[in-house]
Structures are given as C-alpha cells and as structure tokens.
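Dear colleague,

Please find the structure below for your study.

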Amino acid sequence: MKLQANNKVLDLSHPQIMGILNFTPDSFSDSGQFFQLDKALFQVEKMLNAGASIIDIGGESTRPNAQEVSEQEELNRVVPLVEAVRKRFDCWISVDTSKAMVMSESAKVGMDIINDIRALQEPDALTTAVKLALPTCLMHMQGQPRTMQANPYYKNVVEDVLEFLQNRTALFLQQGGKAENVIWDVGFGFGKTVQHNFTLLQQQARFAVQGYPVLAGLSRKSMLGAVLDKTVEQRLIGSVTGALLAAQNGATILRVHDVAETADALKIWQAMMNA
Ligand code: 7PM
C-alpha cells in the first residue's frame, strides 16, 4: 500500500512514523511569533532526522476536558506553521483538524494529509475533504473530547468501531472520495475504557485487513498509564512498546511523540522480519 499527495509517494509496505508537533502557544505566551515558529521548526527538524516521515500539526487541543478553540484561533495557529514547515522541509505534513476552513486553508499552503478525529462529521468537512482529494484519516471517537471518558459503552468494541469506520468510509466514497485516500484509526483513548483500548490493540489486524492503511496513536496515553501506574513523563517505554505491538498487528502509520526511540524499535523488528 502507498499514499500519494502533492507529487509525493509514501510507501506503506513498512510502518512510517508520524511525529507529533507539540505546539502549545500558551507555553510560549510572552515570546514573539517568529520565535515560536523557530522553536517549532527546530522540533520538526529533530523529528525528521530521527526517522519521522510525517509531521502532525494540530491547533485544537483534543484532550479530555479541553476547551474548544474558535475557527479563527485554529487558523492563526495552524496555517503559518504548515506554511513554514512546507518552505523548509519536503516531509509529509498532516493537520489535526475537524474544521472545513482549516482543511482548505492548510491545503493551500502545503498540507498532505487531513487528520480528523471527528471523521468528517463537522459541517462541510466531508465535501471539503473530498474536494481537496488528499489522504484523510478517519478516526473513531465515542462522544466529544470534553465528556468522552465519562461512561464509554460498546456492545462489542471491535464490531462497533469497525461499523463506524465502514459507514464513514462509505459516505466518503459516495461523495466522490477515492478509496486510496482513506486511512483508518480506531482512536485509542477517545471514549474508551482501558479494556476497550487493549481489545482494539489486540484486534488491530481486524482493521488492517479491510483494505485501508491503519494509523495507531497510543503515544503517552492513559491506557499505558493505567497498566504501568506511571505519569505521562514516565510512559516512554510503554509508548514504544505499544507502537511496536500496533505495527506487528498491521498498523502502518504510528503517531508518536518519541520518534527516535520508536524508530529504533521498528528497526529491530524489521531486522527480525528480514532475517
Ligand atoms: C488525550 C487524548 C490526550 C488524546 C491527548 C490525545 C490521535 C490523534 C490525538 C490519535 C489520530 C494526543 C491526543 N490522538 N489523531 N490526535 N489518532 N489520528 O495524544 O490517536 O496527542 S490527540
């Protein structure tokens, strides 16, 4: 399998690393915009050197209990960053957004992948993604970020998530979207108990055999903390292990904070596979 966008090809015959760009404007609040961009570009360069092929840029905090961000605010955060990364690097750029306007404005400055935790359910998102004709990650979430962890419930978590992704994909194709632009993500941590998350990790192959590349994002998430009884800062080994298990079960895009460490783990796995 492969992805194509803006005259680039991403080979998915082996797992690719999507590095998460930490861009929280609050933490640099008293520094100018150029300084912020500079810091972000430094972080991007570091992740690319460490083995990431995709950089994931997000402007809306999707953490549980997070405040929603206005469209203008999200545009102000994301678009200049996409533009700056595009000018400096020829990497793949994905944008973590649910808003149609952010998708179209980011596409104008070089976005390659739409990464939508709401699977194109916001107004105009579906038609916009189809029109942009870019690879699009459809992620499963139960509920909304602010309240999704209150009381997750599934009849059968694997079947329910599978049905959701199949339905969203069918709509995308009906509207004229291309099958080769669809990426699936079970959405670890998004309206799921620890048990639900580990069942989905165990059954990742059920998703991978459906014909769409599978993206897995477990990095530093609470499902790891629950097992390890460790804080976010202490979840490095857990995150790398989780990414490796997802890859072994068929995920081909790994969304991670710790790029260098994940790249090492994948190299060992590949050495074994190629022996
Ligand atoms: C709590 C929940 C804290 C989620 C932080 C997060 C994913 C994503 C995010 C994912 C895709 C984080 C996230 N997670 N996009 N965006 N898949 N496609 O860990 O799992 O950064 S936000």
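**Asp116 and its surroundings**

The backbone nitrogen of Leu120 is 2.7 Å from a polar atom of the Asp116 side chain; a polar contact is a pair of N or O atoms within 3.5 Å, where within protein one must be able to donate a hydrogen and the other to accept it, and residues adjacent in sequence count only if both atoms are side-chain atoms. Please note that this is a predicted model, in which local features need pLDDT of at least 70 and side-chain atom pairs count only at pLDDT 80 or more, while totals for chains, interfaces and linings use all residues. Residues are numbered from 1 along each chain as its sequence is written, and side-chain values use heavy atoms, with hydrogens and water left out.

Asp116 belongs to strand β6 (residues 113–116); helices (H or I, at least four residues) and strands (E, at least two) are DSSP runs, numbered from the N terminus. Asp116 is buried yet has no salt bridge. Here buried means under 20% relative accessible area, exposed over 50%, and partly exposed in between (1.4 Å probe, protein chains only). A salt bridge is a side-chain nitrogen of Lys or Arg within 4 Å of a carboxyl oxygen of Asp or Glu. For Asp116, the nearest side chain of opposite charge is Arg118, 5.1 Å away; Lys and Arg count as positive and Asp and Glu as negative, whereas His and the chain ends are not counted.

**Salt bridges**

By this rule there are 9 salt bridges. In one of them, Glu73 pairs with Arg77, with the closest N and O atoms 2.9 Å apart. These two residues are 4 apart in helix α2 (residues 71–88), a separation of about one helical turn.

Arg206 forms a salt bridge with Glu159, with the closest N and O atoms 3.0 Å apart. Arg206 lies in helix α7 and Glu159 in helix α5 (residues 157–174), so this pair ties together parts that are 47 residues apart in sequence. Arg206 is partly exposed, at a relative accessible area of 32%, and Glu159 is partly exposed at 36%.

**An aromatic pair**

The structure holds 1 aromatic pair. The ring centres of Trp184 and Tyr212 are 5.1 Å apart and the planes are at 35°, so the pair is tilted; rings of Phe, Tyr and Trp (its six-membered ring) pair if their centres lie within 6.5 Å, with planes under 30 degrees apart counted as stacked, over 60 as edge-to-face and the rest as tilted. Both Trp184 and Tyr212 are buried.

With kind regards
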